[in-house]
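Hi,

Here is the structure I promised to pass on. Have a look at it first, and my notes on what turned up follow below.

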4 protein chains.
Amino acid sequence: MVGQKFIEMLQGHPWFRIEALAASERSIGIRYGQLTKWRLPMPIPEDIKDLEVLPVDPKSIGDVDVVYSALPAEEAKAAEEDFARDGHMVFSNASSHRMDEDVPILNPEVNCEHASIIDEQRKRRGWSGAIITNPNCTTAVLTLSLKPLQDEYGIRRVLVTTMQAVSGAGYPGVASLDILDNVIPFIKNEEEKVQSETLKIMGEPVKPAKFKVSASCNRVSTIDGHMEAVFIETEIKAPPSSVAEVMAKFQGEPQRLKLPTAPNFPIVVRHEDDRPQPRLDRMEGKGMSVVVGRIRRDEVLDGIKYIVLGHNTARGAAGCSILNSEYFKAVGLI
Amino acid sequence: MVGQKFIEMLQGHPWFRIEALAASERSIGIRYGQLTKWRLPMPIPEDIKDLEVLPVDPKSIGDVDVVYSALPAEEAKAAEEDFARDGHMVFSNASSHRMDEDVPILNPEVNCEHASIIDEQRKRRGWSGAIITNPNCTTAVLTLSLKPLQDEYGIRRVLVTTMQAVSGAGYPGVASLDILDNVIPFIKNEEEKVQSETLKIMGEPVKPAKFKVSASCNRVSTIDGHMEAVFIETEIKAPPSSVAEVMAKFQGEPQRLKLPTAPNFPIVVRHEDDRPQPRLDRMEGKGMSVVVGRIRRDEVLDGIKYIVLGHNTARGAAGCSILNSEYFKAVGLI
Amino acid sequence: MVGQKFIEMLQGHPWFRIEALAASERSIGIRYGQLTKWRLPMPIPEDIKDLEVLPVDPKSIGDVDVVYSALPAEEAKAAEEDFARDGHMVFSNASSHRMDEDVPILNPEVNCEHASIIDEQRKRRGWSGAIITNPNCTTAVLTLSLKPLQDEYGIRRVLVTTMQAVSGAGYPGVASLDILDNVIPFIKNEEEKVQSETLKIMGEPVKPAKFKVSASCNRVSTIDGHMEAVFIETEIKAPPSSVAEVMAKFQGEPQRLKLPTAPNFPIVVRHEDDRPQPRLDRMEGKGMSVVVGRIRRDEVLDGIKYIVLGHNTARGAAGCSILNSEYFKAVGLI
Amino acid sequence: MVGQKFIEMLQGHPWFRIEALAASERSIGIRYGQLTKWRLPMPIPEDIKDLEVLPVDPKSIGDVDVVYSALPAEEAKAAEEDFARDGHMVFSNASSHRMDEDVPILNPEVNCEHASIIDEQRKRRGWSGAIITNPNCTTAVLTLSLKPLQDEYGIRRVLVTTMQAVSGAGYPGVASLDILDNVIPFIKNEEEKVQSETLKIMGEPVKPAKFKVSASCNRVSTIDGHMEAVFIETEIKAPPSSVAEVMAKFQGEPQRLKLPTAPNFPIVVRHEDDRPQPRLDRMEGKGMSVVVGRIRRDEVLDGIKYIVLGHNTARGAAGCSILNSEYFKAVGLI
């Protein structure tokens, strides 16, 4: 699903063009159109349909400026290293390198200054390329909503319960017998990722943030769009109306640099009682904005609670990788 | 939906039998089978199908021992008072009287001692009957899971995010266009009810409990069964394995009295990673047990977190009313 | 839902602009943004949001070139007549006038020559305006797929089983309790409409076609997009590969006139085993093309069978009305 | 899913008890409770949970009276032959032997006299055991509804469009991304099976029926229960009210023999406009009755049309196998 979203989001991109597709052994030599079970409403672009799938190997790919990785974690580890060693800038959705100290997890409106971590990565590993990861989908959505709060009020504790879409599990992913008329209160390793990645992203380079995060992750019967019910204890008082304002006006480097995939406002605040909703709001900012609603005082934590929704394969995966690569290009790192 | 569940759950009841059905003005005189849009897999019982609907008025109902109310809140207020004044024991699902100081909200495994509140009610109001309410569906499920924790570890704070089934909104209730491929992060008045009712139920009679509750309520695409992701700060340390044991062995008065609708164990603890699930677990104990899973340490609140599931129209509504009436009968209050 | 789709599809229209919105008594004077429960992913256009709803009365609407009607059938009858009498061209989705002999049902690629029926309508009724209807959603999709077959092979019998989306029932429409984990094998009056409208559309003006149609209509759990399984007995042999070719190259007047809302090809033929699918194919041609797949020989009827999918609120409702108004404008009837 | 349904339906069976479970190579030696991803609301029976899975080999199974097979078609072919050769009566859901001329497909209310085909099977193959198959799920439901019509009116042509539940594809089976907000108009080999099996079942032993069947098979978003929209041309006139009566009173050998799994009436006729519905009606007769509704005249075929619903894993699979085995026992063939 993430691979398909990459293809969709790179169509007509002003800076980048897909030159080659690589996949695991059993797919090599097959045309992509034959290989993929395309699940997006947009048809497969004709030129991509005919691309022959290449081996995941820098030698077979040749001279490209950017490598996007949506490999399974177990395959990603060595393969991404091969590409970085070979001089490629690898923008990865895989979790395998995210928690390496010298690999940044970038959600660019939140922590683009972490890009500098790759200097250490290159030095330590002797690579001319580098690996830059983006957060897991749930974390990407969460941290974007947290950033203006951290700046304005300080954060002490975050408790988050997620209601995640099935596309997050890839294809075939979640069996229909598991999710029709059902909720699954478990997604393997997801809570651990949310808890550790959030602190890494929201800290200083190589110094995790000091606040605490606890997550409870659930799969629900939606196609795209992760909903998260967030409770926060802030350091200073955060009145809901100020929070709404601070979030709504928030912009980051991608906005200042006018990156092609950056939405005008990365956080859209809705004031209706019953928003955000996945089906209606997930495409906000072409899937790159998160939508926040129901901002209200939380007496129990002495803070606030709200709902945030983000498109898990756009902001939460392929879109975030692309935005990261745009940032690198804009600041001369590619 | 709650009215239908009452009929289902009272079929073959050893102590009670449906003598009469009453409903609002426009339904009077129509046979129930003609009137209702029956939505349960069990067919309407033949004898009930032919019952003529009577006015909601003690005079028209005649001599019955127990009155169950699933009236809309606005109609329930005066009507339930009429019945109580007339000497009837009214077991009500409506919210209109729940927060009256002299009306108990009973979830019998949790606070059957609150039954005594009706003495004050009768004295103050000069009634020979009484109104006994049961909690709103979400609260019924939550408080049952909290009770053994309160007894064993003490509770300081509770944060709960719910994923509630559509049957909780009645029929026609939630529009399909609102819930297919969607989540609605809002249920009118629900969070307020969870927060206030929980403290009333878990306190002493007329003295609400002192801990704090914060709720974030969502509607998801399930038919029956409310899921709740609970985070708790306890007064003394609550190791997950002890919590599991304490919950699994918990029993209350309904179990000791062997009430007909009481499940053997009101809390069933599952140890699989991915349980409870609404479709698979909501009928546990014929819908009267709640199912708890994923009990784990919560570092953020210094306590525990877990998932609890309960059948919203059984334990959360009709079943709880029936269990309350059984309790009253067993202890001689009817 | 159809009203909202009109607004969506008229945004940025090169020829038409929404000047006024009218609705029934209880909505008059309210701003549309306050009134509507907007259910489309696209936000309400800002200028439409602020429009004050006017009475359904030609006097209150003033000078407009085109009137689109998505009124409930019972309100549409008199109201549409009032507007036509007052000189307006009324393009209506309502069923109330469809079977009037002097009112055309236009699906413009299929029977644009029926536009001439309005001459008789005006003469007979003494109107300067006219009422032009479009087919019910299921019929619009079906007849578009039948047209090239009728032309090429002749049609003797059509049997069609539909699987229709919930948006076809409007909002709130289908209750979630009725459609989650369910199929409803009944849609009021739908089969009668499909059977009679198809013959009127596919006949000559005021002379219904002679073939026979039988329909079995079902509601399934999809948001948009009506699927139809069609079995056809043709007059001359219709080999599946020729049928595919004839359908794929089919174009009508809207294509020749290059009308703004006309898709390049009104029928898109898919050759994969498992297409069309509502979620993936309903937006083909911006919702104005139907998608046909699984064309295969039917030995039982000595003909063919296939699946056709169309967007029920685009080609099946608002889009067809708009296309009709474009046709009238292009040929000088407006 | 079928294996699990066998276990569910054999719980507490008066004649049969599960002695052993066998499965493919990679499962051997594992306890069933460890192995299976149990998807039924009923918990796994404790004694079955602990059964160690054995090899699919008559030698490892030992002395049992009945062998039920829910093997994948490709594994079933040789394995079922091994068991029959070894003297076992094999009741199989697999399709591999269904169309063998000397193997009966039994839907016992429809064609229990076909049981005699095993004489030829044994003679020809030199087996002391035998293979008895039951129809594919869609065919089991269809043929049961057709039987009284064939007897009373004669059948010339049958056209059927199905809307099939996801459990029919096993587990994990249909991906949620394929079926949420979607319909899939294709099920591999299903239409061919419906067409050929129906004629074999409804003919005389080894002489297929002469009428014609055409099927169009779709997967929809329901958990259990196959819906079928049927159009029939009858030999003599079949007025809908007579059809309803003939179907409702229909009984077969299983009813006369009072077999434990036989429902009182294998066809239940509903007279409401909007029934049958999968969620409400699939458990009729514990899943062993089919439910027919919307019986109406079909002018196009000069016959009738109706909707039939049946539980695909009960009547359509495990339940039909069990009923067949009961029939064999009752008539002394086991």
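This is a predicted model: local features need pLDDT of at least 70, side-chain atom pairs count only at pLDDT 80 or more; totals for chains, interfaces and linings use all residues.

Helices (H or I, at least four residues) and strands (E, at least two) are DSSP runs, numbered from the N terminus.

Residues are numbered from 1 along each chain as its sequence is written, chains are lettered from A and ligands numbered from 1 in the order in which they are written, and side-chain values use heavy atoms, with hydrogens and water left out.

**Helix packing**

In chain C, take α8 (residues 137-153) and α11 (residues 240-249): they pack at an angle of about 115 degrees with their axes 9 Å apart. Axes are lines fitted to C-alpha atoms, for helices over the stretch in contact, and angles run from 0 to 180 degrees between N-to-C directions. From α8(C), the residues C:S145, C:P148, C:L149, C:E152 and C:Y153 meet C:S242, C:V243, C:V246 and C:M247 of α11(C).

Chain B has such a pair too: α8 (residues 137-153) and α11 (residues 240-249) of chain B pack at about 115 degrees, axes 9 Å apart. There, B:S145, B:P148, B:L149, B:E152 and B:Y153 in α8(B) touch B:S242, B:V243, B:V246 and B:M247 in α11(B).

**Buried spots**

For accessibility, buried means under 20% relative accessible area, exposed over 50%, and partly exposed in between (1.4 Å probe, protein chains only).

In chain D, D:L146 sits in helix α8 (residues 137-153). D:L146 is buried because its relative accessibility is 0%. Leaving out residues up to four places away in sequence, D:L146 touches D:I155, D:V158, D:T198, D:M202, D:I232 and D:Y306.

D:S289 is in the loop between α13 (278-281) and β10 (290-298) of chain D. With 3% relative accessibility, D:S289 also counts as buried. Setting aside residues up to four places away in sequence, the contacts of D:S289 are D:P263, D:F265, D:P266, D:V268, D:E284 and D:L309.

Over in chain C, C:V268 belongs to strand β9 (residues 267-269). C:V268 touches C:E284, C:S289, C:V290, C:V291 and C:V292, again not counting residues up to four places away in sequence.

Most residues other than glycine have a negative phi, and most peptide bonds are trans. With that in mind, look at these.

- The bond joining B:R275 and B:P276 is a cis peptide bond, with omega about 5 degrees. B:P276 is in the loop between β9 (267-269) and α13 (278-281) of chain B.
- From D:R275 to D:P276 the peptide bond is cis, omega being near 5 degrees.
- A:K258 has a positive phi, near 50 degrees. A:K258 lies in the loop between α12 (253-256) and β9 (267-269) of chain A, and counts as exposed at 69% relative accessibility.
- D:K258 has a positive phi near 50 degrees, and D:K258 is exposed at 70% relative accessibility.

**Salt bridges**

How many salt bridges does a search of the whole structure find? Over all chains, 109. A salt bridge here is a side-chain nitrogen of Lys or Arg within 4 Å of a carboxyl oxygen of Asp or Glu.

One of them pairs B:E46 with B:K49, at 3.3 Å from N to O. B:E46 and B:K49 are about one helical turn apart because they are three residues apart in helix α3 (residues 46-49) of chain B. B:E46 is exposed at 53% relative accessibility, while B:K49 is partly exposed at 32%.

Another joins C:R270 and C:E272, at 2.5 Å from N to O. C:E272 counts as partly exposed, at 33% relative accessibility.

In chain D, D:R125 and D:D100 form a salt bridge, with the closest N and O atoms 3.1 Å apart. D:R125 lies in helix α7 (residues 117-125) and D:D100 in the loop between β4 (89-92) and α6 (108-111) of chain D, so this pair ties together parts that are 25 residues apart in sequence. In chain A, salt bridges that share partners join A:K77, A:E81, A:D100, A:D102 and A:R125 into one network.

Cheers

Technical notes:
Contact means heavy atoms within 4.5 Å.
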